[in-house]
Amino acid sequence: MKTQIKADLMLVLVTLCWGVSYYMIDVCLVEMGTFNLNAFRFLGAFIIAAIFTFPKLRGVSKETLKYAFFIGFSLVFVYMGATFGVMYTSLSNSGFLCALSVVFTPLLGIIIFKQRPGKKMVFVVLVCLVGIALMSLNEQLKPALGDIFCLMCAFAYAVDLLITERAVAKEEVNAFQLGVFQLGFTGIFMLILSFIFEDPCLPSTGIVWGSALFLAVFCTGVAFIVQTIAQQYTSATHVGVIFTLEPVFAGIVAFVLAGEILLPRAYFGAFLLLASLIIMEVDVKQIVNKIKGK
């Protein structure tokens, strides 16, 4: 199996965790404030990662810390948008709109880094955009307040992906250390905001403790470290397209655990998102050449 395909499969698992995270966030917000919850999940993830991987974190370079700082700052806006989005719109909607990073990523790549996506990637991005629109927009095509927060999340995450892509391409940046230290910086920023705007507290019930720990360990610690490492072997645009699966997983979880039901057109949108991932991963020319070779 090609290294890029392995990296992409790892990212699919990350996306599954994030699809589940919208429901977990909804559960935690009953007892915890937005910044409080994000401080808990990011600092918790950083502490756990630091304890189990301390030898690998020694001798961190200034370049790694610099990029971890900037990525951590961008993640503040990502998770402000995602968490407030869950508060003011449906679980399914929040998952779908946050996935618009798949559109923002190549657009920002073109504007900032003068990147030129191939015809196949342009087609895939357009299919994703149509799929997300079918899944999220209402009959009046009007976004709710939560939708606006989710769009902020998507834009900020596109910035995060592009910064990460640039960082891991540098020899002096250690991808694993970058993945861990960005958690710490994000957690510190969130904790400061929590003390300014909220009264920080720990979860008080079992279900919230379980949800918060799942968010910290799997949806934050494991997910961001895996994403950072995997981005050494795939592009930011590829990552953005893979993450369009996030709203599909979020919709499934919202249906099973929260009883949310989608419109028929939304299910067709989910089909388009899955189709776009397959189109991106499958090398049609190679398959045709193999068939002709036989």
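The following questions and answers go through a predicted model of a protein chain.

Residues are numbered from 1 along each chain as its sequence is written. Local features need pLDDT of at least 70 and side-chain atom pairs count only at pLDDT 80 or more, while totals for chains, interfaces and linings use all residues, and side-chain values use heavy atoms, with hydrogens and water left out.

Trainee: What percentage of the residues of the protein chain count as buried?
Mentor: Buried means under 20% relative accessible area, exposed over 50%, and partly exposed in between (1.4 Å probe, protein chains only). The protein chain has 294 residues. Of these, the part that counts as buried is 53%.

Trainee: Which residues touch the most other members of the largest nonpolar core?
Mentor: A nonpolar core is a set of buried Ala, Val, Leu, Ile, Met, Phe, Trp, Tyr and Cys residues joined through side-chain atoms within 4.5 Å. The largest one has 82 residues. Those that touch the most other members are Trp18, Leu75, Tyr79, Tyr157, Leu178, Phe224 and Phe243.

Trainee: Leaving aside neighbours within four places in sequence, which residues is Trp18 in contact with?
Mentor: Contact means heavy atoms within 4.5 Å. With those neighbours left aside, the partners of Trp18 are Tyr79, Tyr157, Cys219, Ala223, Phe224, Gln227, Phe243 and Glu246.

Trainee: Is the pair of Phe42 and Tyr79 stacked or edge-to-face?
Mentor: Rings of Phe, Tyr and Trp (its six-membered ring) pair if their centres lie within 6.5 Å; planes under 30 degrees apart count as stacked, over 60 as edge-to-face and the rest as tilted. A search of the whole structure finds 20 aromatic pairs. For Phe42 and Tyr79 the centres are 5.1 Å apart, with 80° between the planes, and the pair is edge-to-face.

Trainee: How many residues apart in sequence are the parts that this pair ties together?
Mentor: Both Phe42 and Tyr79 are buried. Phe42 lies in helix α2 (residues 34-52) and Tyr79 in helix α4 (residues 62-88), so the parts tied together are apart in sequence by 37 residues.

Trainee: What is the angle between the planes of Phe268 and Phe271?
Mentor: Phe268 and Phe271 are a stacked pair, 6.2 Å centre to centre. Being three residues apart in helix α13, Phe268 and Phe271 are separated by about one helical turn. The angle between the planes is 25°.

Trainee: Is Val239 buried or exposed?
Mentor: Val239 has its place in helix α11 (residues 236-242). Its contacts, leaving aside neighbours within four places in sequence, are Leu11, Leu161, Gln231 and Thr234. At 0% relative accessibility, Val239 counts as buried.

Trainee: What separates the C-alpha atoms of Val239 and Val102?
Mentor: Val239 and Val102 are 137 residues apart along the chain. The separation of their C-alpha atoms is 8.0 Å.

Technical notes
Helix = DSSP H or I, 4+ residues; strand = E, 2+ residues; numbered from the N terminus.
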